[in-house]
Amino acid sequence: MSKKGTYKNYLDRYSEDPVPRTTKYRQKNKDKNHTFNLQCNNDMCNTPKEEAFGYMANLVDTAFDSGRNTTVDITNENVRTAMDKSCLSDMSAPLCDIIDDIEDLILSQDITPKERYSYKKNNIRPARKKKKEEIVFPEIQIYSSVIPGTQTIYIKTWGCTHNSSDSEYMAGQLSMYGYNLTEDKSIADLWILNSCTVKNPAEDHFKNEINLARKLGKHIVVSGCVPQGAPKSNFIQGLSIIGVQQIDRVVEVVEETLKGNTVKFLNKKKEAGKKIGGAPLSLPKVRRNPLIEIIAINTGCLNQCTYCKTKHARGELGSYRPEEIIDRAIQAFKDGIKELWLTSEDTGAYGKDIDTNLPELLWKLIDVIPDKCRMRIGMTNPPYILEHLEEIGKILKHPKVYSFLHIPVQSGSDRVLFDMKREYSRSDFENIVDFLKEKIPNINIATDVICGFPTETSEDFEETMSLCQKYKFSTLFINQFFPRQGTPAAKMIQVPSKEIKNRTKLISEFFQSYEPYNTKIGEIQEVLVTEIAHDNKHYVAHNSYYEQVLIPMKKEYMGEMLKVKIISASKHSMKGEAFDEYKTKVSRPFLTQALVPEEQQDVKQFTWHMIALLIIIFAIIVKLCSKFVCI
């Protein structure tokens with residue numbers, strides 16, 4: 001007996017079947033009109049559909065899943081075998097071919113159709129990855145012959161004062177050669193991007209600036225610690241590179257880059273096979289602040305900190321000769337600078353590679369600093385300042401040196417300091433701070449802490465917090481830990497970012513909870529004015545402890561050493577008014593009622609001297625007149 005019909009009719013015929021799968025197939029295949037043949041013997045045809053349906057459905061579905069017409073042979077034995085959960089052994093050859101292709105689908109007959117396809121309910125197809133559209137950058141203008149003065153250069157700097165000094169030297173050489181420098185990046189023909197590798201955010205900003213320059217069709221030269229430490233990074237491929245010790249070749253690099261060439265200078269400078277500080281300090285310079293000279297006294301360091309990537313770029317210690325540093329300082333003071341900054345990755349290590357030391361250099365520099373000028377000593381790590389603590393204390397008390405020192409502690413836990421390979425303990429740091437505070441009671445100590453170093457536990461963090469609570473530093477640099485690629489710390493098990501942020505928040509809240517300058521209100525301080533404040537309403541001056549004092553913005557104050565009275569204080573600075581001595585000299589030279597006793601005494605002496613001089617002149621005139629009368 002043969003029954004013919006469409007798949008739709010077949011499903012309609014057995015619509016009362018309790019297996020919901022038929023409904024699913026009806027919905028999915030309602031428009032399909034594949035034909036099928038069901039062949040069975042008389043006994044099979046009389047079998048109730050409820051008993052035979054499961055087997056038939058499997059076979060019919062298999063046939064229709066194949067996408068072709070199929071003859072299905074059904075016998076009583078087949079049906080019983082299916083119901084007994086046996087394999088299908090007596091199928092016809094055509095159907096066996098189909099099952100070979102989809103054996104995973106109906107390998108076992110002990111499941112209902114719904115169960116066989118139940119996996120499809122939760123089967124979420126992965127979204128197709130969109131092909132990244134290739135960014136087409138505008139064509140860059142190529143200068144076949146570079147005539148100095150016809151191109152404009154933009155220089156952007158990230159990071160420490162050492163990087164700032166490098167940028168000033170590069171600007172000086174380009175300007176001297178005839179190139180125009182600009183602060184407007186949009187009109188520049190070439191961008192020099194001087195990078196910092198200390199933290200991820202600084203490197204991310206560097207990458208973003210490169211992408212922007214490419215989109216704008218600018219020539220690009222990269223410099224600083226990022227390309228020096230990782231010159232094979234994908235995002236700087238095809239760009240010209242100036243190494244940290246090759247800044248004296250910036251003109252050459254710019255010329256070739258403008259011609260469409262790619263130039264890379266990454267070698268370290270050496271003398272007699274030994275690393276030196278870097279490019280000559282005598283190079284021309286364009287200072288961002290004409291009143292401040294930055295001198296890098298050495299490059300690199302002696303440490304192997306597990307979190308630091310700067311070592312990859314700056315390398316081992318290389319110190320400049322004292323004579324070269326002194327000559328540079330003398331020339332800078334002749335140029336009219338008022339403030340001398342000494343910088344490096346670790347000023348305390350200066351001279352260890354050339355048989356000298358930091359205190360010897362500092363005393364020589366003090367001898368060449370003019371009156372009404374000051375020197376600021378840069379960051380030093382604890383191990384090296386410990387060696388010269390007595391001498392450093394004397395130097396920091398000198399009136400030409402700011403009583404200020406930046407000593408990064410990074411953690412208050414000895415265990416974490418050991419994992420960082422910092423080569424000192426908490427007690428070493430405390431000894432330095434206690435000694436300097438004893439010798440110079442109001443000394444300004446700045447420090448750094450890192451929150452979330454990989455091995456830092458909650459207990460370790462509490463030790464860092466207790467150190468900060470003990471000293472209440474007026475300047476505290478709080479940093480989240482960032483794993484820098486290529487450093488040992490990046491391979492350690494990391495503290496969860498949520499916990500790092502929480503620790504950073506806790507220590508930041510403590511730092512903001514106190515104001516270190518409130519006790520100074522009413523004091524008379526001597527300050528050196530060197531900068532314009534960010535609000536463009538005040539000048540920035542620094543007292544002898546390198547604490548920031550904002551004063552009224554009057555042209556005659558800039559570059560001057562003057563006395564001010566502190567009238568208010570905030571978390572990070574104080575506000576002062578120029579003391580009456582300076583006001584008197586500028587606008588009211590003979591008004592004495594507002595002066596303090598010392599100034600009043602000076603004015604009285606000046607007055608008596610003037611009276612005595614007038615009496616002498618009067619006596620001479622009288623004598624001369626009497627002689628003429630006698631004649």
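Predicted model: local features only at pLDDT ≥ 70, side-chain atom pairs only at ≥ 80, totals over all residues.
Which residues lie nearest the centre of the second largest pocket?

**View 1. Lining of the second largest pocket.** Arg288, Asn289, Ile292, Trp341 and Glu531 lie nearest the centre of this pocket, among the 15 residues that line it. The space within the second largest pocket amounts to about 430 Å³. At least two lining residues come from each of α8 (161-177), β12 (292-296) and β20 (524-532).

**View 2. Buried face of helix α14.** In α14, which spans residues 358-368, the buried positions are Leu358, Pro359, Leu361, Leu362, Leu365 and Ile366. Viewed down the axis of α14, these buried residues fall within an arc of 155°, so they line one face of the helix. In an α-helix there are 3.6 residues a turn, so residues three or four places apart point the same way. The elements covering the buried residues of α14 include α13 (322-334), β15 (339-343), β16 (374-376) and α16 (389-396).

**View 3. Start of helix α14.** Here a side-chain oxygen of Asn357 comes to within 3.0 Å of the backbone nitrogen of Glu360.

**View 4. Segments with pLDDT under 50.** Over residues 1-53, pLDDT stays under 50, and the model has 94 contacts beyond four places in sequence for this segment. Residues 584-600 likewise stay under 50 in pLDDT, with 17 such contacts beyond four places in sequence. For the protein chain, the mean pLDDT is 81, and 72% of the residues reach 70 or more.

Methods. Residues numbered from 1 in each chain as written. Heavy atoms only, no water. pLDDT = per-residue confidence, 0-100. Contact = heavy atoms within 4.5 Å. Buried < 20%, exposed > 50% of the residue type's maximum accessible area, 1.4 Å probe, protein only. Helix = DSSP H or I, 4+ residues; strand = E, 2+ residues; numbered from the N terminus. Arc of directions from axis to C-beta. Polar contact = N/O pair within 3.5 Å; in protein donor to acceptor, adjacent residues only side chain to side chain. 1 Å grid on protein atoms, 1.4 Å probe; cavity = no way out; pocket = protein on both sides within 12 Å on 5 of 7 lines; lining within 4 Å. Points joined across faces, edges and corners; volume = space filled by probe spheres on them.
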